[in-house]
Amino acid sequence: MSALPRPSTIFLAAITTLVAVLLYSPLFVPIVSSFFTVSHGDVDWSSPTFATYVALAENHDILAALRTTLIVGVCTVILSVVSGTLLALYYHGRRAGRSTLQFIIFLPFLMPPIISGLALLIFFREIGLERSLLTVVIGHTVFVLAIVYRTVLMRLQSMSRTLVEASYDLGATGWQTFWRIILPNLSSAMVGGAILAFALSFDETMITILVTGTQSTLPVRLWAMMRLGFSPDINALVALILMFTVLLCVLAARFLIPKQMATQRN
Amino acid sequence: MSSAGSVRPAENRLSQLVTVLAFALPVVFVLVPLAIFLGYSFFSVDQGTIVHDLSLGNYIRFFTDPVFPRVFWNTIVLCLSVAAICILLAYPAAYFLTTLKGRWRYALLMLLLVPLLMSYVIKIYAIRSILGLNGFLNKALVAVGILQEPSTLFVFNMNAILLTLTLLLIPFAILPIFLSLERIPQVLLRASDDLGASGLQTFLRITLPLSLPGVASAASFVFVLAIGDFLTPQMVGGISGFTFGRILYSQFGTAYNWPFGAALSVALAIVVIAAILVGERFGRSRGTSI
């Protein structure tokens, strides 16, 4: 953009600051509350404390929900990365039926989660599958598959065809080419896709509420607790999750932003 | 892999398996559930059990009931307002980002997008505590002297839903607008400047029209996400903040009328598909789509 006159720059900077404040205030409040006592909207700055963190370590409900979330996340990542990569390899360079199937894969991601969740709920009931962690994992996988598929497919499309041809010319079999050429080239896209899938699964609430059985993931547990109001140790949890999320962000960016772009930027 | 010249039998069998999976996975886990779901919308409920007889009863009930069309319409208006406010806030912010140089531009963009990854439920809870009667917003407004005493204007009503959804969804508006602004060729702006246009003229005649596809995508994103949400209205809406998502959700819980809930979902899906198509249509024009 061309250089702007000063008043409009100040106006734009002010709006941007306002947006940043709006976006970060809901994150800031629980973090501050995790170190200080807050009652009726007043922060007591005089007594910083780690008490909420200690209380968190003894909250078995929350820890169990956290463990469930991690189990679901890991299973979702494995399933979605394996099937997403297979689908990307299969559809890549193939015309027949590709756009239709691609559209179907993207449907659960585009549709409101309440529709995807309810459709799965009725489907599980019709095929007689009890609601359990398995149904949650299936729900999450169906939801995040589009992201992994797209990440891997984009890498495949930017990969030079000559690499594969060279491998065959040098006498490699299909398997050897796959393990030594294609997979290593895709690996960073797969890792990036896996991180995104995990992050989405970690926070997925609406589908989970609908398809879960007796075990609830962390967001669902928090949602249920919210009706009564949180205990202070939840603020500690929020602070920890925020740090974890930022870490995931940085990792995903590292794997997904092409190397040339990263060096260019520095 | 099947494009390899000579494949051995084992590989051949594998590639057949992959073919079957590639078609079966999306069909079984996406298409079949949606089809069954659509089918359910034509069923009915009799004394707590689902009757598998096809009828248009649910749809007739939806259109003739005094409550549902009104809530449906109010929800659409609410979500359009959310989209409009998000764009009014996101456009200047995205524009400001594009005026920055080099790494600052992307660092700030990341900063505005990170809140997206933060737990949705926790943000709703925190926003509720900010908007509440004893919340930070009321405290601040009273302290500044705008309000005499804490107001119930922002808690457990439609305003609360509007504000919360806006706060949650702004980043979804920033990204597409930023991408479309960034894609505008610099030469056009310089040419406009050379030809004697003022900064405002350049913005109104070059930048704004060329960024409209991004605005259209942003609006459609935000609208779709807002209308599909039932967590936010449930948490901050109270009794007076009744949205379509909440009614839909209640059909599967307390009301236990799955077929009617499915019919309501079909209505929701039609609006969502329309919004996505409109976003695509205008987002694609002028060749600057995402």
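Predicted model: local features only at pLDDT ≥ 70, side-chain atom pairs only at ≥ 80, totals over all residues.

User: Why is Asp61(A) called partly exposed?

Analyst: Its relative accessible area is 44%. Buried is under 20%, exposed is over 50%, and partly exposed is what falls in between (1.4 Å probe, protein chains only). Residues count from 1 along each chain as its sequence is written, chains are lettered from A and ligands numbered from 1 in the order written, and side-chain values use heavy atoms, leaving out hydrogens and water.

User: What makes Arg221(A) and Asp61(A) a salt bridge?

Analyst: The closest N and O atoms of Arg221(A) and Asp61(A) are 2.8 Å apart. The rule asks for a side-chain nitrogen of Lys or Arg within 4 Å of a carboxyl oxygen of Asp or Glu, so 2.8 Å passes. The two residues are 160 residues apart, with Arg221(A) in helix H10 (residues 218-226) and Asp61(A) in helix H3, both of chain A. Helices here are DSSP runs (H or I, at least four residues; strands are E, at least two), numbered from the N terminus. Arg221(A), at 23% relative accessible area, is partly exposed too.

User: How do you know that Arg161(A) and Glu165(A) form a salt bridge?

Analyst: Same test: their closest N and O atoms are 3.8 Å apart, so the pair meets the cut-off. Arg161(A) and Glu165(A) share helix H7 (residues 161-169) of chain A and are 4 residues apart, about one turn of the helix. Arg161(A) has 47% relative accessibility and Glu165(A) has 39%, so each counts as partly exposed.

User: Is Arg105(B) buried or exposed?

Analyst: Buried: its relative accessibility is 17%, which is under the buried limit. Glu182(B), at 27%, is partly exposed.

User: Why is Thr205(A) called buried?

Analyst: Thr205(A) comes out at 3% relative accessibility, so it clearly counts as buried. It lies in the loop between H8 and helix H9 (206-211) of chain A. Two leucines get that label too: Leu237(A) at 5%, in helix H11 (residues 233-256) of chain A, and Leu156(A) at 6%, in helix H6 (residues 133-158) of chain A. Leu156(A) and Leu89(A) are 67 residues apart in sequence, and their C-alpha atoms are 7.8 Å apart.

User: What makes the surface patch nonpolar?

Analyst: Members need over 30% relative accessible area and no salt bridge; nonpolar side chains (Val, Leu, Ile, Met, Phe, Trp, Tyr) are joined within 5 Å, like charges within 9 Å. Val74(A), Ile78(A), Val82(A), Leu86(A), Trp175(A), Trp179(A), Leu14(B), Leu17(B) and Leu21(B) form it, with about 800 Å² of accessible area together. H3 (60-91) and H8 (174-203) of chain A and H1 of chain B each give two or more residues. H3(A) gives the most, with 4.

User: How do you know which residues line the largest cavity?

Analyst: A cavity is a set of points on a 1 Å grid over the protein atoms alone where a 1.4 Å probe fits but cannot get out, and lining residues have an atom within 4 Å of a point. That gives Pro108(A), Met111(A), Ser116(A), Ala119(A), Leu120(A), Val142(A), Phe29(B), Val30(B), Pro33(B) and Leu34(B). H1(B) gives the most to this lining, with 4 residues.

Definitions and conventions
1 Å grid on protein atoms, 1.4 Å probe; cavity = no way out; pocket = protein on both sides within 12 Å on 5 of 7 lines; lining within 4 Å. Areas by Shrake-Rupley, 256 points an atom, 1.4 Å probe, with all protein chains shown as cover.
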